[in-house]
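Hello,

Here is the structure I promised to pass on. Please open it beside this email and follow along.

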Amino acid sequence: MMKYIKPVIVLSLITTIVSTLLIVTYNLTYVDASGIITDELKEKCIQLMGEGEYSVVTDWKADGYAIEKPEDVEKLIKKADGTVAFEIVASGYSKNGLDLLIAMNDDGTVKGVTIVSITDTPGLGTKVDDKAFLGKFEALGENVTIVKNNPANEYEIEAAAGATYSSKGVATAVNIAISTFKEMRAVK
């Protein structure tokens, strides 16, 4: 009987020790990347807001903003001169397929929009990664709606051809940035 129990006990001990070592190693080597600006993200910040020192705001209230970081916002990036940009991941055709950076002007209007990464359908959804299309969001300060053709007012934007879902994803991200900017500046 003991010859059957002994291997089970030995294997249980080995897996317990290995699991404990893995947990300890993970905790010793874990690096929180939430406050890090990658080279690619910094390049996009420079593209939208120009050269300068950038940092990720990790504690919004401590930095003087009226709200805590909303779930929809990945990062709030602040330039040394006070200009801010939001990194927002939105769904286009693919769930969470659009990683956008949206810079804001002090008056609450969009300074610029750029795509950090996109995993939507190549040739279709990726059509939103076009300066002319993204430029349509600049200077807007109210919620934007995507229409298939012939926008009726300045807050309607025509979808990129063949990329309606991705266009709506960009508009959703821009709308989140606009509303978040208004909320965070509410009591400032």
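**Starting at the edge of the sheet**

β1 and strand β2 (residues 75–79) run antiparallel and pair over three bridges. Find S55 there: K78 in β2 stands opposite S55. Keep K78 in view, as we will come back to this residue.

One caution before going on. This is a predicted model. The mean pLDDT of the protein chain is 91, and 96% of its residues reach 70 or more. Confidence is highest in β4, at 97, and lowest in helix α1 (residues 2–29), at a mean of 90. Where pLDDT is low, the predicted coordinates should not be read in detail.

**The whole sheet**

Now zoom out. The sheet is open and has five strands, in the order β1-β2-β3-β4-β5, with antiparallel pairing. Which strands stand at the edges? They are β1 (54–56) and β5 (110–118). Each has a single partner strand, so one side of each is left without a neighbour in the sheet. From one strand to the next, the twist averages 25°.

Next, look for helix α2 (residues 39–49). This helix lies across β1, β2, β3 (84–90), β4 (98–104) and β5. Helix α2 runs at about 155° to β5.

The hairpin of β2 and β3 has four residues between the strands. Which residue in this hairpin takes a positive phi? It is G82, with a phi near 100°.

**Salt bridges**

How many salt bridges are there? The count comes to three. Take them one at a time.

- K78 and D63: their closest N and O atoms are 3.1 Å apart. K78 sits in strand β2, while D63 sits in the loop between β1 and β2. The pair is 15 residues apart and links distant parts of the chain. D63 is partly exposed, with a relative accessible area of 31%.
- D81 and K79: their side chains meet at 3.9 Å, N to O. K79 counts as buried, at 10%.
- K182 and E142: the closest N and O atoms are 3.2 Å apart. K182 lies in helix α4 (residues 164–184), and E142 lies in the loop between α3 (131–135) and β6 (145–147). The two are 40 residues apart in sequence, so the pair ties together those parts. K182 is partly exposed, with a relative accessible area of 41%. E142 counts as partly exposed too, at 40%.

**To recap**

Start from K78 when you go back to the model.

Best wishes

Key. Residues are numbered from 1 along each chain as its sequence is written. This is a predicted model: local features need pLDDT of at least 70, side-chain atom pairs count only at pLDDT 80 or more; totals for chains, interfaces and linings use all residues. Side-chain values use heavy atoms; hydrogens and water are left out. Two strands pair if DSSP finds at least two bridges between them. Axes are lines fitted to C-alpha atoms, for helices over the stretch in contact, and angles run from 0 to 180 degrees between N-to-C directions. Contact means heavy atoms within 4.5 Å. A salt bridge is a side-chain nitrogen of Lys or Arg within 4 Å of a carboxyl oxygen of Asp or Glu. Buried means under 20% relative accessible area, exposed over 50%, partly exposed in between (1.4 Å probe, protein chains only). pLDDT is the predictor's confidence in each residue, from 0 to 100.
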